[in-house]
Amino acid sequence: MVINFYLKQIETIMLKQLLSLSLLTASTLGAMAQVPAGGKQISNELIGIFFEDISCSADGGLNAQLIQNCSFEYNANEHDGWGAGTAWKISRPGHSLGYIEQKQQDPIHPNNPNYMRLFTERVGHFYDYDGWTGFGLENDGFDGINVKENAKYDFSAFMRNPDGIDKDIRIVVSVPGRGFFAKPRPIADTTIKISGKEWKKYSCTLKSTASCDSAIFQILSLTVGQVDVDMISLKPQDTYKGHGLRKDLAEALEALHPKFMRFPGGCVVHGGGDGFWNTYMWKNSVGPLEQRKGQKNTWGYHQSLEIGYFEYFQFCEDMGMQPLPILPCGVNCQGSNGGWNMFPTQAQDACPMSDMEQWTQDALDLIEWANGDANTKWGKVRAEAGHPKPFGLKYLGLGNEEKITPEFKERFKYMFNKINKLHPEIVIVGTDGPGSHSDSQDYIEGWKLAEELQLPILDEHYYEPKEYFLHKRQYDNYPRNRKTKVYLGEYASKDKKVIDALAEGLYLLHVEKNADVVCMTSYAPLFARKGTNNWNPNLIYFDKEKPYLTCSYYIQQMFGLSSGDYYYGDCVKFTSNSDLLGQSVILDSKAKKLYVKICNASGQAGQANIDLSRFKGMKLDAVKTTLSGNPNDENNFDAQPIIPIKENVVIKAKMSEKIAPYSFTLYTISL
C-alpha cells in the first residue's frame, strides 16, 4: 500500500471522519446558527438505493446489452441444462450449410475460456431466402430484442480466421417471420471483413429502419471456411450518460434522488447458498470486459459482470451518490446447501485465519483502486479504465447478513482493525445478521460487537407484513449515547399495494424522527424483470420495453425529494390520536427548503393543525404532492393508476388541513 499518499492528508482525513460520524457537512455547520429553534440535527443521507443482481436486475436489466450469453460462458453449474450455446441457435439462411463447435484452445483470455468456431461448408443463394444468406448463429436476447426505428446500435465482437482465409461477416437484425409462409425481414444490417489468425475486436454501428419488440440478431459467415467468434455485443448508443446502462431504468433510479448506492449485494456478496467458490471478488469485475471473470449468480443464473465495480462507481458518480460497496469477510452464507432452515450455524463455513490477510488485502486494494493516485498499483488500473481522477470512496461495508458466530466475529475484527488503522478516513459499515430484531441472538451479538469496536455504522435488515411498519416504533427507544449509527439496509412491507406503501411511508416518518440514530436507509430489492422474480415485492418491475413503478416507489421518491438536515416534530399536530397518522417537518438549511410530510394510513379522514411561524421568510406559494388510493390498489404493467398528484397551493404560517384517508402528502416550501 502507498501509505505516504494518505499521511500527507491526515488532518483532512480526521476532519472528514469526524464530520461523517456526526453527520454534518461544511454547509450545515455554516447554517446552524441560522436555523429556527426546536429542530434536531439529522442525517442528510437518509434515502439511498440498494442494487443487487437479483431477478435479472443486471444482465437483461440495467445492463443495456441486448445479446444473451454474449461470451458463451453459460454452464450447468449455474443452471441445470445450460451450456455454452444456451440462448443461441444455428442460422443458415439461403440454405447455407455448416456446423459449430465450442472451443477453449487459445481463448481471448483465461477468464473467458469459451468461444464458438463456425465451420461454413456452403453459402446459399440470395434468392432462396428473400435477400440474405450465410451460415452462423442467431440470438433473440432476453425474450426478444427491443429495437427502435432510426435508433443506432453499436455492434462489436472478437473474431479470427484459424484457417488464414479472410472472411466476410454479415451482421443482421431482423423482424422474425410470422406464420408458415412469412419470411423474416432485415431492419439493420452490414457486412464487415475480418482478417488474420489472431483475435481482433471488430465493431460497427447499425441503424434500424423500423421498430420491433421481438427482433433477432444474426452473425453470419459469407465465406466458406472457419471463423472463431466471442464477446458478441449489441448495445443501443443511447444509454444513461453514455456509460452502457439502460436509460429508462437508470432514469427511474435518478428520479428517486438517492444519496448513496449499496452494491453488489446482498447474498451475491458471499456466494449465497453456493459456498466460497462463488464469492463475489471485486477484482474480477474491473478491467476490459473480455478479461472479467463471470460467475454463477446466487439467484440461479449467469452474472457476466459487464456491470462491475467500475460501472457501479461510475454510476454513483453520474448520479451524485456515495458508493457503498460491500465486501465478503471470510465467512460464507449460513444458507449454504440448504442450511438456512435446517442447520443455520453448522452451514456457515469460515476460511482459515491464515487466509484473512488476503481477504483484508483485497479490501485495502479496493480503497487504493477507488481513492489512490494514478501512480499507485490499483489506482493505475482505474486510470487505465478511463477514470484517472479518484472516485472518493467514503463508505465500505464488510459482510452481509452472516450469522454473528464466534468465527464471524474473529474474522470481522481482523479486517476491521487493520482497515481502520490504515484508513481511518473510511467509514466502515458492519452487519447485524439475518433479520435484525431485538429478540434475536444475532441482533444481540451484532450490537455487542459493534459497541466493542465502536463501529461507525451497523446494517439492519428486516422484511415484514404491513402491520409491522404501521405500528412498530423501535427506534424511539434506541440509546442516544451509542457511537454506532444504524443503516436500515434492507426492508419492505411484504406486498406492493397502496396500504403497504403507506405503511412504509409511516415508518419512514418514524425513521426521520430518529435520524440522529438511523443515518441511512434503502428499500430492497430494487429491480425485478418480468417473469424472473426471485423475490416479491420489488420496488421497480420492468420488461424489455418499459418499467412499471410501484406505489412504494413513489413513497421512496417523495422522501428522496424532501431530504434535509434538521427535523422538527412539533409543527404538525393532529386533532385525534392514532398510530396510523404520522408527520414530520424537515429543513434543508443549505437549499433553504422546508418539507412538511403527513401520512394517513387509516380509512378515516384526519385533521392536522400546522404551525410554521418559526420559519421566517417562508414563501407562501408552495407545491403540494399527494399519493392516495384505495388500500388494495396497486400498479402493474398494464396500468399505473397510483401516481403522485402535484398542485400549486398557497399556504399560511398557521393553517388547518383535512387529511384524506389512505394518503401521503408532501408540502415543498421555499425559504
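Me: What is the strand order in the open sheet of 3 strands?
Reply: The order is S27-S30-S33, and the pairing is antiparallel. Strands are DSSP runs of E with at least two residues, numbered from the N terminus, and two strands pair if DSSP finds at least two bridges between them. This is a predicted model, in which local features need pLDDT of at least 70, side-chain atom pairs count only at pLDDT 80 or more, and totals for chains, interfaces and linings use all residues. Residues are numbered from 1 along each chain as its sequence is written, and side-chain values use heavy atoms, with hydrogens and water left out.

Me: Which are the edge strands?
Reply: Strand S27 (572-574) and strand S33 (654-659) each pair on one side only.

Me: And how many bridges link S27 and S30?
Reply: S27 and S30 (residues 606-611) are joined antiparallel by 3 bridges. Val572 has Ile610 in S30 as its bridge partner.

Me: Changing topic: is strand S21 buried or exposed?
Reply: S21 (residues 485-493) is largely enclosed by the rest of the structure, because 9 of its 9 residues are buried. Buried means under 20% relative accessible area (1.4 Å probe, protein chains only).

Me: Which residue of S21 stands opposite Glu460?
Reply: Leu488 does. Strand S20 (residues 457-464) runs parallel to S21, with 8 bridges between them.

Me: What about S21 and S22, how many bridges are there?
Reply: There are 3, and S22 (residues 518-521) is parallel to S21.

Definitions and conventions
Buried means under 20% relative accessible area, exposed over 50%, partly exposed in between (1.4 Å probe, protein chains only). Helices (H or I, at least four residues) and strands (E, at least two) are DSSP runs, numbered from the N terminus.
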